[in-house]
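Hi,

As promised, here is the structure we talked about.

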Amino acid sequence: MTHPWPLFDLRVRTARLELRLPSDEDLLALLNVAHAGIHDPDTMPFGFAWTDLQGLEFDLGFLKFFWGARASWTLSAWQLPLAVILRDQPIGIQEVRASGFLERRTVETGSWLGSTWQRQGFGTEMRAAVLHLSFEGLGAMAAISAALEGNEASRRVSEKLGYRPNGIEFVAPRGHAVKQDRYLLSREDWRPDQWSVQIEHLETCRGMFGLSPSTKAAAE
Ligand SMILES: CC(C)(COP(=O)(O)OP(=O)(O)OC[C@H]1O[C@@H](n2cnc3c(N)ncnc32)[C@H](O)[C@@H]1OP(=O)(O)O)[C@@H](O)C(=O)NCCC(=O)NCCS
């Protein structure tokens with residue numbers, strides 16, 4: 001039976017990973033992964049310094065982010081933080097979000113992995129998964145990413161997947177300005193054949209993105 005919130009049925013699979021909307025049980029597992037550490041506390045890779053929060057404030061903020069993403073979903077602004085699952089275990093988050101997607105056909109991404117699972121190619125693989133979902137599944141024209149100065153891992157993931165530099169901006173996660181490099185991957189630069197990605201149950205989710213049934217499904 002289709003879930004009344006169809007995004008819970010959506011699956012994006014790569015060679016090693018499954019991406020899915022996290023259940024509340026998945027969120028508790030992910031909270032443990034986050035507690036175990038995502039980055040060196042001396043650096044801040046995120047534009048919003050959520051990993052600086054402590055104790056109850058951290059836990060409540062973490063859960064509210066995901067519940068907020070569910071509750072605030074609209075056609076004009078949505079965010080889809082997908083749990084990254086390795087052998088049945090949540091190891092991180094790969095988010096894809098958009099505002100005005102139907103008009104702009106542009107998505108933005110953000111991600112993190114528990115430290116244990118970094119530098120094993122998963123970050124590239126999970127970004128490729130949501131790029132496939134965006135370009136092949138949803139008909140995106142462009143994907144945007146940003147990396148704070150010094151975040152070599154994030155920068156390399158974007159470079160490896162064909163993004164081009166797209167200017168700079170300044171953000172202040174810890175209250176002082178830090179340079180952030182912006183990257184853009186256009187549909188023309190996206191190389192779908194490089195990655196084997198399968199999407200399941202997107203058809204029942206298309207309405208949530210304001211998309212009509214795919215021509216393939218409509219013909220069936
Ligand atoms: C960003 C992140 C998701 C990337 O995932 P990952 O699994 O570590 O990345 P990959 O293993 O796919 O590596 C991608 C490239 O980055 C390089 N890289 C990874 N970690 C690196 C590091 N700490 N320093 C330098 N290069 C690094 C890899 O060598 C690889 O490049 P190569 O193929 O040229 O060797 C992960 O590092 C992470 O969660 N970091 C902390 C949170 C964060 O920075 N999130 C992004 C905020 S924009």
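To start with burial: 30% of the 220 residues in the protein are buried. Please keep in mind that this is a predicted model.

On the overall fold, the protein has 6 helices and 9 strands. Its radius of gyration is 17 Å, close to the 17 Å given by the globule rule for 220 residues, so the protein is as compact as a globular protein of that length. The C-alpha trace spans about 55 × 40 × 30 Å along its principal axes. Among contacts with a separation of 6 or more, 63% are between residues 24 or more positions apart.

The largest nonpolar core has 44 residues, of which Leu19, Leu82, Val84, Ala129, Val130 and Leu131 touch the most other members. Elements giving two or more residues to this core include strand S2 (17–20), helix H1 (24–36), strand S3 (77–86) and strand S4 (89–99). Helix H4 provides the largest share, with 8 residues.

Finally, the ligand. There are 23 residues around the ligand, and Pro45, Gly123, Thr124, Ala153 and Arg156 come nearest. Strand S5 (106–113), helix H4 (122–137) and helix H5 (152–160) are the elements that each give two or more residues to this shell. H5 contributes the most, with 6 residues. By class, the shell holds 9 nonpolar, 10 polar and 4 charged residues.

Definitions and conventions
Residues are numbered from 1 along each chain as its sequence is written. This is a predicted model: local features need pLDDT of at least 70, side-chain atom pairs count only at pLDDT 80 or more; totals for chains, interfaces and linings use all residues. A residue is near a molecule or strand if its C-beta atom, placed from the backbone, lies within 6 Å of it. Helices (H or I, at least four residues) and strands (E, at least two) are DSSP runs, numbered from the N terminus. Ala, Val, Leu, Ile, Met, Phe, Trp, Tyr, Cys and Pro count as nonpolar, Asp, Glu, Lys and Arg as charged, and the others, Gly among them, as polar. The radius of gyration is taken over C-alpha atoms; the globule rule is 2.2 Å times the number of residues to the power 0.38. A residue is buried if 20 or more other C-beta atoms lie within 10 Å of its own, exposed if 12 or fewer, and partly exposed in between; C-beta atoms are placed from the backbone. Two residues are in contact if their C-beta atoms, placed from the backbone, lie within 7 Å. A nonpolar core is a set of buried Ala, Val, Leu, Ile, Met, Phe, Trp, Tyr and Cys residues joined through C-beta atoms within 7 Å.
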